[in-house]
Amino acid sequence: MEKDITDEIVMSDPSPTSTPTPTPLEKKNPLETITPVSANSSLTALDRGVEGQSAGEPTTLVVAFAPNDPENPHNWSKIKKLLIILAATLASTNSGFGSALCSNLSPLLALEWNFPTPGPQTILPTSVYLIGFIFGPLICAPLSETYGRRPVLITGFSIFFLATLGCALSNSWALFLVMRLVAGTAGAPPISVGGGVVSDVFADKVMRGRMMMIWSASSFVGPLGAPILGGFLGRSKGWRWVFWFALMLAGVSFCAVAMMPETFHPKLLKIRAEKLNKQMEAEGKAKGVRYVAPVTGGGNADGEKMGVLRQLSITLSRPILLLCNELLLGLTCLYLAFVYAVFYMMLKIGGTIWSGTYHFSPGIAGVAFMTMGLGTILACFVIIWYDSYGPKFAARRPADRKSEYLRLPVACVGGPIFVISLLWLGWTSRQSIHWAVPLVATVPYGFAYHMIFTAMINYVTDAYSPLNFAASALAACGTTRSIAGALIPLAIDNMLAALGVAWAITVLAIVSAVLCLVPFTFIIYADAIRARSPCSRLGGLTAEDLGAESDEEEVEEEVEGERNGEDLEKGTGAALKRERTQKSQRTVRSHRSRMSRRSGMSRRSGRSILEMSGANEVGMGELTRSLSAL
């Protein structure tokens, strides 16, 4: 009679000497068998325990971080964490800088390639760059949750560097636009993956919120510097020198990114598992034991790799599935998309106001945009103050709304100020009013913009970080706002011609006034929104619990295997014994099945979840496949 195979969760202990005295492995609940194992020790207690087992009994050990593990990014030194955030912020600034690089170059580009101005082609270099931002996050963010952050960032930045070089050397309008599209696509990883990097290294919500504030400010400050460069350097040296300068900045950013370590936890655990397996093989103790990492997008925890098409279908569809199934994410994306589009429309509107109405030179008109940056700085101080007060404020609120009160009041303040600043700018931009009056209006605009973005992005990050889906959720936000930023500004010339500056901005303010109700809606109707969320209704299951079973048959096999356990122990047939041995190797699947039963998540309860989500026509297999993709 064969013994039950004991599944283990192995946490790597930073201090090998703390390993407890070895004891023979006993038949236990696998979720209660937690044995610390050092990544550096040559023979651990668990190894000696495995040696005590009879030959031929396979054991799969799932590696995890132990408390205070120095290899866990949450436990890295403050200096190391800050350097990582600095690298991510510099890369994101570079990508944002590239998006507005042509905003003050339209006359020079029109002179070079003979297209009419004003017209849609004046905004086309910016729009095609933002079209690249549409596809980049959908590809890069999910891949970063499969292969890690660092490979995606380095690959994207390498292509971005070459595409920027191609823009500087372009000899035709079509080639220039193609290079801008490639640059936008390759420049998307810092925008879509940077938020995931922040959540990787900071566990504390307050500190993570502050670092997210700094990182998200780069997406706003970066585009503000580009019009200044185009106004001064473009007029004195030519438009190609603007791209040569951008190439130098990209080189500096690439060096910072290249020195940044990997931060994605499942990737680090996979590296650790591979190291332990090689160590066991070198010491001749690999027979019957294998270390694996938790489930990631790249395969099962037991090391079985997915097919390429299957893997890509899961990773690349995850942001879209989240966007379509999560009301919280959908409303957030809608709000941020419009605010983002208004910003790129302001680059054109600002040029009309400063150069057209007040006759500023292109360089001085570019400097005028920097007053928005003053508002961003003020917003940072306000957010830091609220971070110290917010947890106390949230603690006095109902338990089911604490997360909303922790983040969203900042957006509730920023939304109305955003509307007021637009109306202020629109109705004071006339020759009869001094230029300083509309210029001052850009300060509260920058203040409100940053308050809205920081609050909503932090709220989304807090909601999906426990599932390791933060990068995919932020990718959905990045994609939708890039769609809006690429398409809506194409209409700004026609709006200004038909309505004038004042009424064109008023239309934007009215839409903003409606959308600024989104954070208020989250606070008031938090219960109803969570009730519609598939992730919320899963009762706090982790990412490991959401995705390994790919179809109904595998779930049924696990349940049936438990029912037949008594027959298997009696040895009723060699075929059943072999089946039991194969199933025992699927460690994570076994863990998930037991966790589901312990939490009441049986096949019947899974169907009830399906019915609650309004998708009755989809079978259990479809539900598990959707969760796997998520």
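Over the ring of which residue does the charged end of Arg-481 sit? The ring belongs to Tyr-340, and the charged end of Arg-481 is 5.4 Å from its centre. The legends below describe close-up views of a predicted model.

**Figure 1. The whole protein has 28 helices and four strands.** The protein contains 630 residues, and 56% of them count as buried. The protein exposes about 26,100 Å².

**Figure 2. Asp-69, Glu-71 and Arg-272 are linked in a network of salt bridges.** Start with Arg-272 and Asp-69. Their side chains meet in a salt bridge, at 2.8 Å from N to O. Arg-272 lies in helix α10, residues 265-282. Asp-69 lies in the loop between β3 (59-65) and α2 (78-99). The pair therefore ties together parts that are 203 residues apart in sequence. Both Arg-272 and Asp-69 are buried.
Now turn to Glu-71. Glu-71 forms a salt bridge with Arg-272, and their closest N and O atoms are 2.3 Å apart. Glu-71 lies in the loop between β3 and α2, while Arg-272 is in helix α10, so this pair ties together parts that are 201 residues apart in sequence. How exposed are the two partners? Glu-71 is partly exposed, because its relative accessible area is 34%. Arg-272 has a relative accessible area of 4%, so Arg-272 is buried.

**Figure 3. Asp-493 and Lys-348 form a salt bridge between two helices.** The two side chains meet at 3.6 Å, N to O. Asp-493 lies in helix α18, residues 492-515. Lys-348 lies in helix α12, residues 327-357. The pair therefore ties together parts that are 145 residues apart in sequence. Is Asp-493 buried or exposed? Asp-493 is buried, with a relative accessible area of 17%. The cut-off for buried is under 20%. Lys-348 has a relative accessible area of 23%, so Lys-348 is partly exposed.

**Figure 4. Phe-360 and Trp-435 form an edge-to-face aromatic pair.** Why does this pair count as edge-to-face? The ring planes are at 75°, and planes over 60 degrees apart count as edge-to-face. The ring centres are 5.8 Å apart. Both residues lie in loops. Phe-360 is in the loop between α12 and α13 (362-369). Trp-435 is in the loop between α15 (402-428) and α16 (436-464). The pair therefore ties together parts that are 75 residues apart in sequence. Trp-435 has 36% relative accessibility, so Trp-435 counts as partly exposed.

**Figure 5. Trp-385 and Tyr-389 form a stacked aromatic pair.** The rings are 5.6 Å apart, centre to centre. The angle between the planes is 10°. Both residues lie in helix α14, residues 371-395. They are four residues apart, about one turn of the helix. Trp-385 has 53% relative accessibility, so Trp-385 counts as exposed. Tyr-389, at 32%, counts as partly exposed.

**Figure 6. Seven aromatic residues form one cluster.** The members are Tyr-340, Phe-343, Tyr-344, Phe-418, Tyr-445, Tyr-449 and Phe-453. Tyr-340 also has the charged end of Arg-481 over its ring.

**Figure 7. Lys-80 lies over the face of Trp-76.** Here the distance from Lys-80 to the ring centre is 3.9 Å.

**Figure 8. Six residues form a nonpolar patch on the surface.** The patch is made of Leu-423, Trp-427, Leu-499, Trp-503, Val-507 and Val-511. Together they have about 510 Å² of accessible area. Which elements give two or more residues to the patch? They are α15 and α18. The largest share, four residues, comes from α18. Val-511 is found in helix α18. At 33% relative accessibility, Val-511 counts as partly exposed.

Terms used:
Residues numbered from 1 in each chain as written. Predicted model: local features only at pLDDT ≥ 70, side-chain atom pairs only at ≥ 80, totals over all residues. Heavy atoms only, no water. Buried < 20%, exposed > 50% of the residue type's maximum accessible area, 1.4 Å probe, protein only. Areas by Shrake-Rupley, 256 points an atom, 1.4 Å probe, with all protein chains shown as cover. Salt bridge = Lys/Arg side-chain N within 4 Å of Asp/Glu carboxyl O. Phe/Tyr/Trp six-rings, centres within 6.5 Å; stacked < 30°, edge-to-face > 60°. Lys NZ or Arg CZ within 6 Å of the ring centre and 35° of its normal. Patch = residues over 30% accessible without salt bridge, like charges linked within 9 Å, V, L, I, M, F, W, Y side chains within 5 Å.
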